[in-house]
Amino acid sequence: MTNWALRESATFDRPTIAAIQRAAETGIYDIRGWGAKRALPHFDDLLFLGASMSRYPLEGYRERCGTDVVLGDRNAKHPLHLDIPVTIAGMSFGALSGPAKEALGRGASEVGTSTTTGDGGMTAEERGQSKHLVYQYLPSRYGMNPDDLRKADAIEVVLGQGAKPGGGGMLLGQKISERVAGMRTLPEGVDQRSACRHPDWTGPDDLTIKIGELREITDWEKPIYVKVGATRTYYDVKLAVHAGADVVVVDGMQGGTAATQEVFIEHVGVPTLAAIPQAVQALQELGVHHKVQLIVSGGIRSGADVAKALALGADAVAIGTAALIALGDNHPRHAAEYEKLGSAAGFYDDFQDGNDPAGISTQDPELAARFDPVAGGRRLANYLRVLTMEAQTIARACGKAHVLHLEPEDLVAVSIEAAAMARVPLAGTEWIPGR
Amino acid sequence: METLTKFDLSAVALRDVNAALHAKNLSGEFVIENPSGAHNLAVGLDAPVKITIDGHVGYYAAGMNQQAEITVNGNAGTGVAENMMSGSVWVKGNASQSAGATAHGGLLVIEGNAAARCGISMKGVDIVVGGDIGHMSAFMAQAGRLVVRGDAGEALGDSIYEARIYVRGTVTSLGADCVAKQMRPEHHEELERLLKAAGFEDDDTKAYTRYGSARALYHFHVDNASSY
């Protein structure tokens, strides 16, 4: 543009104009993958206070800084003992290709952490390659069976996810291959809807009984997680604990999805940063902080994000979108193919279409065959190691011998919004808005 | 001769009963007395055994059953035989909501009435109800057969996939994409087998109407927006 007098509307910017034009042409809402793309107060708005005179740092390359975490030791005979506090979030076989799911298992297992099934059941590849596998128990119950339940290392009762709290799932017909259809007991090629509510319980009192059933079926061996999308997090976490959860998973609105309405992704839920202190407050008031563990997800990208989530009170984090990027999603080497699909490397979010040139969010055998699960697993393991080392670097600088020793006192915020949400002082002040 | 083992739930903890029923290579017959509406009773069975529960049970009785033949001499609470894979569950009384929810296989017989959401999201189970069923039954039912000797409540078979429903009485209303269908010879034969299995072999299959998916909502289309 050479005419500097042209002024783009902040209200009707080009993506907004395109969205209106698209709606007018098609008459149906936009469905896409990924999570919220809007700017939100996030971990970037927090900074650590490294040690100096008043705090004593640990030697970066010599002194030990632990990273392991135990999840679900409140009731289960066999809690999970993970080597690092970064786990892989639930993503379904169906949304992802078989090799991609295998790679997630390989990468997670290589560094001693857990991976998670998704809506659509457990695949043999995934179970085989995952040292610690969390089995999701979802409203659809697609592929849900007691044999797999008994094979799991933990069970995650899913009430919602950050990208669409209050919404069910969908998997468009292009991705309902013969195998996916078979696992979900559906006709091949239908646009599959997943219910937003569980079919056999409705409220927290029922959930208590449901968790009891899952424990009885598995002889009290496995930790039971409860996952919620971040909205009324303070109340939801309290209710989850009352219902008997061993671990609560809180997924902020930046958390990803395979296919959801754009309007849902961008306008429902609260940011991860706002949800963590609410969850922690609920746990503290019940006297179970770090006894019922808190896993936080939604926009975790770096070891700094991991460290900040832990400092705010989480016991572990989960990654989804970042894990897919580590596998090869949105890589510039696919730039030409993304453009053919009307997208671009760095922008590709049409996971619902099943045309992923990286072979990750697809059920097309040719596309899926492009993806090497061994190489992908190695890339994910590398990335998880970097996240862990980065978190350790920060923890040592703050004088902590374990990453879980990080605390809110180690943090300040660089925006008033972040200070209010994270409940840490604005940098250079003692001010926590609302306190 | 098969051994008969009795558990008195007023004296033995639920956990101990379920643990005993999860023993490896379990065989024989079992009677559970004084269930007193206990939740999660006889869940997660995976053995070809016979279990009789003498009394009423709470939520999720016989949940996720595999292989076992379980009889409830009483009423059942929410989610009886939920996610059953195989075997059979026979309720002599009435059942609360979500009976047979998401069940993949086996046979669920409810001699009395079943409340709302009977057969919700069913995935291959056969359910025969002696009396009436409540609203939203067979919601998103994917596979299997639901037979109702009495009446069905509102929104029967809403968003149904490939499950088949047979109702002898009236249907208050059908849910989205659920329609009445012709009873062809194979449907009469199928229904006859199911009624016989549930002990209602004297019923005339001609008195029943078959319901199933119109398959109009199998793909998202703007013209269907008002149907959802």
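Helices and strands are named here as DSSP runs, at least four residues long for a helix (H or I) and at least two for a strand (E), numbered from the N terminus. The structure shown is a predicted model.

Figure 1. T362(A) sits in the loop that runs between α12 (335–340) and α13 (365–369) of chain A. Is T362(A) buried or exposed? T362(A) is buried, because 26 other C-beta atoms lie within 10 Å and 20 or more are enough to count as buried. Outside the four places on either side in sequence, the contacts of T362(A) are S97(A), G354(A), N355(A), D356(A), L367(A) and A368(A).

**Figure 2. S343(A) in the loop between α12 and α13 of chain A.** S343(A) belongs to the loop between α12 and α13 of chain A. With 19 other C-beta atoms within 10 Å, S343(A) is partly exposed. Which residues does S343(A) touch, leaving out those up to four places away in sequence? They are Y338(A), Y348(A) and D350(A).

Figure 3. Most residues other than glycine have a negative phi. D219(A) has a phi near 55°, a positive value, and is not a glycine. D219(A) is found in the loop between α6 (204–217) and β11 (224–229) of chain A. D219(A) is partly exposed, since 14 other C-beta atoms lie within 10 Å. R423(A), also not a glycine, has a positive phi of about 60°. R423(A) lies in the segment after α15 (416–422) of chain A. R423(A) counts as buried, with 22 C-beta neighbours inside 10 Å.

**Figure 4. Chain A as the setting for these views.** Chain A contains 15 helices and 16 strands. Its radius of gyration is 21 Å, close to the 22 Å that the globule rule gives for 435 residues, so chain A is as compact as a globular protein of that length. The C-alpha trace of chain A spans about 70 × 60 × 40 Å along its principal axes. Of the 435 residues in chain A, 57% are buried. Taking contacts in chain A between residues at least 6 apart in sequence, 67% join residues at least 24 apart.

**Figure 5. Parallel strands β7, β8 and β9 of chain B.** Strand β8 (residues 143–148) of chain B is mostly covered, with 5 of its 6 residues buried. β8(B) pairs with β7(B) in the parallel sense over 5 bridges, and with β9(B) (residues 164–167) in the parallel sense over 4 bridges.

**Figure 6. The nonpolar core around A42(B).** Nonpolar side chains tend to be buried together in soluble globular proteins. The largest nonpolar core of the model has 198 residues. Which residues have the most contacts inside this core? They are V248(A), V317(A), A42(B) and L108(B). Not counting residues up to four places away in sequence, A42(B) touches L21(B), I32(B), I51(B), I53(B), A61(B), A62(B) and I70(B).

**Figure 7. The contact between chain A and chain B.** In this view 37 residues of chain B are in contact with 22 residues of chain A. On the side of chain B that touches chain A, α1 (14–21) and β7 (123–129) of chain B each supply at least two residues. That side of chain B has 14 nonpolar, 18 polar and 5 charged residues. The model has an ipTM of 0.96 and a pTM of 0.96.

**Figure 8. Chain B along its sequence.** Chain B has 2 helices and 11 strands, in the order β-α-β-β-β-β-β-β-β-β-β-α-β along the sequence. A compact globule with 228 residues would have a radius of gyration near 17 Å, and the 18 Å of chain B agrees with this. The C-alpha trace of chain B spans about 60 × 40 × 30 Å along its principal axes. Buried residues make up 55% of the 228 residues of chain B. Among contacts in chain B with a separation of 6 or more, 22% are between residues 24 or more positions apart. The average pLDDT of chain B is 96, and 97% of the residues score at least 70.

Terms used:
Residues numbered from 1 in each chain as written. Chains lettered and ligands numbered in written order. Predicted model: local features only at pLDDT ≥ 70, side-chain atom pairs only at ≥ 80, totals over all residues. Contact = placed C-beta atoms within 7 Å. Nonpolar A, V, L, I, M, F, W, Y, C, P; charged D, E, K, R; others polar. Core = buried A, V, L, I, M, F, W, Y, C linked by C-beta atoms within 7 Å. Buried ≥ 20, exposed ≤ 12 C-beta atoms within 10 Å, placed from the backbone. Pairing = 2+ DSSP bridges. Rg over C-alpha atoms; globule rule 2.2 N^0.38 Å. pLDDT = per-residue confidence, 0-100.
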